[in-house]
Amino acid sequence: MLHKLLLPISFVCLLLVSNNLSGQTKNFTISGNITDAKNGEELIGASIAIPALKTGTSTNAYGFYSLSLPPGNYKVEISYVGYETVIKEVELNQNIKLNLELKEGQKALKELVVQSDKISNSNVTQNKMSVVKIDVKQVKKIPILLGEVDIIKAIQLLPGVQAAGDGSTNFIVRGGNIDHNLVQLDEAVVYNPSHVLGFFSTFNGDAIKDFELYKGGIPAQYGGRLASVLDVHMKDGNSKKFGASGGIGILSSRLTLEAPIIKDKSSFLISGRRSYFDLFFPLSDQLSQVTAYFGDLNVKLNYELSDKDKLYLSGYFGRDDLAFGGAFGFGWGNYTGTLRWNHIFNSKLFVNTSLVYSRYNYNFDINISENLNFTRTNYIDDINLKVDGSYFLNNKNIIKFGVKANRYEFLPGKIDPIKSASIVDPQSLPVKNALEQDLYASHATKIGARISLDYGARISIFSNTGGRAINYVGGNPTFLENGQIKESAIDALNPYNNYASGEVFNTYVGFEPRLNFTYMLNDKSSVKGSYNRMYQYMHLIQNITASIGQEFWTPSDNYIKPQMADQYAIGYFRNFFENKLEFSVETYYKNLKNTVELREGADIQFNEAIEAQVVAGQGRAYGVEFFARKQSGNTTGWLGYTIAKSERRADNVNQGQWYNFRFDRTHYFTFVLNQKINERVSISGNFIYATGEAFTQASQRYSIFGGEQPSIFYGERNNARFPNYHRADVSLTLGRKKIPGKTYKNESDWVFSIYNLYGRKNAYTLSYANDLDTGVPIIYKWYLFTIVPSVTYNFKF
């Protein structure tokens, strides 16, 4: 255990040594915030560069930056994608606070030199790899199913990322599973980021300011998932003036309101979205008894207490419901809340403290008669307190550190009668409780003019605690009978009966080293590498194709071990044509341990002994990703190609042999293009081609004693492929007609789009049936979409 504490201690030593070294030469610090001049929104990841010293930094998640330099006169370059680059001349003979507002327009600010055509080369110079950030404005131009702006559908067009099904917002990253992705909204975990059977994501594009996807090289402040991190930030609300925006589509509409409470000091944002396709169901005889809708609400408040303190309060509330004639229905919801306090101790030390709550629940209802009715529910509650700090030692060294404490409550299932006359008795699977503590530290440093290094580690401590009873097998199969716990053994196996509420009875400790390095070949190209180890202590149990909420989360315990993944990656990054064209190629290898795999014939429906239905497996994934992107000019877009392999192996599954992971796709090609015709008209399109998903194909059928219904025998797991997947989407955006030289306060446009332009019938699932004429068993391919047109009207004022 002691060796796992050496890293944080070494960082303290490093800090002391570095302070002594920095004292030899007196440096001064430039610090401040970079914001949008139009609405006051903090700009995340804006670049601050000192060309004379070939050094620089970038703003954090709150728009704050700090840069320590020797005394002297400097030109400071501030740039951000989609904004004009600003050059400010400063005389540095004392600590300076420099807050700047960047504009999307072409007008220069006083005392500033503006270069609107300069493009940053941060994708080459920044010590990040396997990380992609897309401007939300660009996402809004991508043609998406039914015209909805969707950041998750956008990242599915990136190399190394794929959809978990046609039209689905669930995504797979570098051979991981659906639950291997950490999805955060203002630091709160979103456990099911989907609406409408997975066809829409929970993220309303009008409420989102910024998002970033980490496929590898994951920084030490993130943990808890094996494959990726999708970090999403809501807008803070316009601190300059009142604004409203929204859109009216075929199946849903949205409205966002934002305004200052106290100008330049406090603001709010309210953003709502609601589907209304259920209003059309009564017009159809087949759907007249169907009820279906989704809705969500984003809210945010912020208040600047002083020039060193700022408070944020944000929340998300989303709900889906689907019912058939009142006899059958299901629904699910995500609810999050985040209270954050930013404090700047001095020009070098920035600290954020957050109290975060997240809840995901699902209900399944049967209401056949007065006597036969019930509702089944499950949920996960997650509350945590965390502190994250950044110490900007000097222009070559940044220390990041943090601590976090989580409390989890898992209810895998509960049944209650809907009506008092129901013959169904209330019953509940045991609630499971857990605690998690995390601490991390990392050090970003520059060695000479060419090498950047970011190394660190995270220590995670996960504990099962006493409380309400849990009955589980504890890893001993002698207590099982036909996959169920013997009633005679329940009391003996239930440790919660022997421990007080909150008392720890089982603990796992994970040591998670992280490393990123960059070697600059020249000012246009670099080589980067990364390594990260990740632990995952909670697991999604599901056995369905489409994500409709019929699933539940369960924690690691004495039987289900924590999952672990090691990933190695190396890449080459190169810019062309004065940074207008980005190119990169990355190769990676990932090794997974203790993956949670369902046993053959597993039964997870309201099963108290769920531990008996899963086995621990292992996985491996490797591949090469090519990516080229153009982000400026009238023609923008990207091209991505991935060639990869992903496999699994587990005892008692596929005879213990390696098999293709369900989402293993050898080839995955994407192309995204946006062409601005003029100030009013633009066209967009994207194309996807991918190897078909793996599935388990039946190899034989047989009858026992001449039975009329033959049984089907399945061969090796995932031994066959769906047909290759391909699809093209297009859209046309028609803006408001504008007179040159005239200023308009209101903006509006029409977006016409076609999903699956040439009507490709991509397989969604397969089924077996006998041919009606010959009686020969055949495979039927089921698909969801052919050509799907849509139209949306967007407005903003």
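Predicted model: local features only at pLDDT ≥ 70, side-chain atom pairs only at ≥ 80, totals over all residues.
The largest nonpolar core has 81 residues. Which residues have the most contacts inside it? They are Leu158, Phe203, Phe211 and Leu230. Let's stay with Leu230 for a moment. Leaving aside residues up to four places away in sequence, Leu230 touches Ile152, Ile155, Phe171, Leu182, Val183, Gln184, Phe203, Phe211, Glu212 and Leu213. There is also a second, separate core of 22 residues, and among its members are Ile48, Ile78, Leu92 and Ile96. As background, nonpolar side chains tend to be buried together in soluble globular proteins.

Now let's step back to the whole chain. The protein chain has 797 residues, and 53% of them count as buried. It is built with five helices and 52 strands. If you take contacts between residues at least 6 apart in sequence, 66% of them join residues at least 24 apart. The accessible surface of the chain comes to about 34700 Å², and carbon and sulfur atoms account for 57% of that.

Next, one of the sheets. Five strands form an open sheet in the order β10-β17-β18-β13-β14, and the pairing is mixed. β10, residues 131-133, and β14 stand at the edges with a single partner strand each, so one side of each has no neighbour in the sheet. How do β13 and β14 run, parallel or antiparallel? They run antiparallel, and two bridges join them. In this part of the sheet, Gln184 stands opposite Val189 in β14.

On to charges. Side chains of opposite charge can pair when their charged atoms come close. In this model the count comes to 39 salt bridges. Let me show you three of them.

Then we have Asp296 and Arg273, whose salt bridge is 2.7 Å, N to O. Here Asp296 is in strand β22 and Arg273 is in strand β21, 23 residues apart. Asp296 counts as buried because its relative accessibility is 5%. Arg273 is buried too, with a relative accessible area of 5%.

My last pair is Arg407 and Glu409, at 3.6 Å, N to O. Is Arg407 buried or partly exposed? Arg407 is partly exposed, since its relative accessible area is 39%, whereas Glu409 is buried at 11%.

Let me finish with a loop residue. Asn718 has its place in the loop between β46 (711-714) and β47 (720-721). At 10% relative accessibility, Asn718 counts as buried, because buried means under 20% relative accessible area. What does Asn718 touch, not counting residues up to four places away in sequence? Its contacts are Tyr659, Asn660, Phe661, Arg662, Ala694, Phe695 and Thr696.

How values were computed: Residues numbered from 1 in each chain as written. Heavy atoms only, no water. Core = buried A, V, L, I, M, F, W, Y, C linked by side-chain atoms within 4.5 Å. Buried < 20%, exposed > 50% of the residue type's maximum accessible area, 1.4 Å probe, protein only. Contact = heavy atoms within 4.5 Å. Salt bridge = Lys/Arg side-chain N within 4 Å of Asp/Glu carboxyl O. Helix = DSSP H or I, 4+ residues; strand = E, 2+ residues; numbered from the N terminus. Pairing = 2+ DSSP bridges. Areas by Shrake-Rupley, 256 points an atom, 1.4 Å probe, with all protein chains shown as cover.
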